[in-house]
Amino acid sequence: MAPKNKENSSKRKKQQQVEDEGNEDYRKRRDRNNQAVKRSRVKSKMRTQQTLERVNQLKTENELLEEKIKMLTKELGFLKDLFLAHAGSSQHSVNLQDLDLNALLAEDKSAEPLKTSSGKL
C-alpha cells in the first residue's frame, strides 16, 4: 500500500504544479526571473569585454615601455662611452677608480632630472 500513497502524492504535486503554472503570479515570477537572467548575462558579457580591452591596452603599454627601455639602455651605453672617452682624453684626467659613482648617482637622483640632447629623460 505504501507505493500507491507515493504515486498519489506525486500525482497531486504534479496537478498542483500545473494549476500553479496557469496562475498569473507564477507567470510574473517567471518573466521577472527571465529578465534578471538576461540582465545578468549582459553584465557578464560587458565585464568580459572590458577585461579584454584592458588586457589589450596593457599589452600595448607594455610594448611601448619595452621599447623605451631598449632606447634608454642604448642611450646609457652611448653616454658611458662618451664619458669614458672624454675622461680618458682629458688633460685633467680623473682616475675612474677614485670616483664614487654611487655617491654621484645619489646626488643626481636628488637633483632635478636633466634632459638629454634628444629632449627625453
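I began with the order of elements: from the N terminus on, the chain of this predicted model runs α-α-α. I counted three helices and zero strands.

I then looked up the confidence values. The mean pLDDT of the chain is 79, and 59% of the residues reach 70 or more. Which elements of the chain have the lowest and the highest mean pLDDT? I noted helix H3, residues 101-110, as the lowest, with a mean of 62, and H2 as the highest, with 94. I also checked residues 114-118, where the pLDDT is below 50. Beyond near neighbours in sequence, this stretch has four contacts in the model. Where pLDDT is low, the predicted coordinates should not be read in detail, and I left that stretch there.

Next came the surface. I have the accessible surface of the chain at about 11800 Å². Carbon and sulfur atoms account for 54% of that area. How many of the residues count as buried? I found 2% of the 121 residues in the chain.

I turned to helix H2, which spans residues 24-89 and holds Leu-79.

How values were computed. Residues numbered from 1 in each chain as written. Predicted model: local features only at pLDDT ≥ 70, side-chain atom pairs only at ≥ 80, totals over all residues. Heavy atoms only, no water. Helix = DSSP H or I, 4+ residues; strand = E, 2+ residues; numbered from the N terminus. Buried < 20%, exposed > 50% of the residue type's maximum accessible area, 1.4 Å probe, protein only. Areas by Shrake-Rupley, 256 points an atom, 1.4 Å probe, with all protein chains shown as cover. pLDDT = per-residue confidence, 0-100. Contact = heavy atoms within 4.5 Å.
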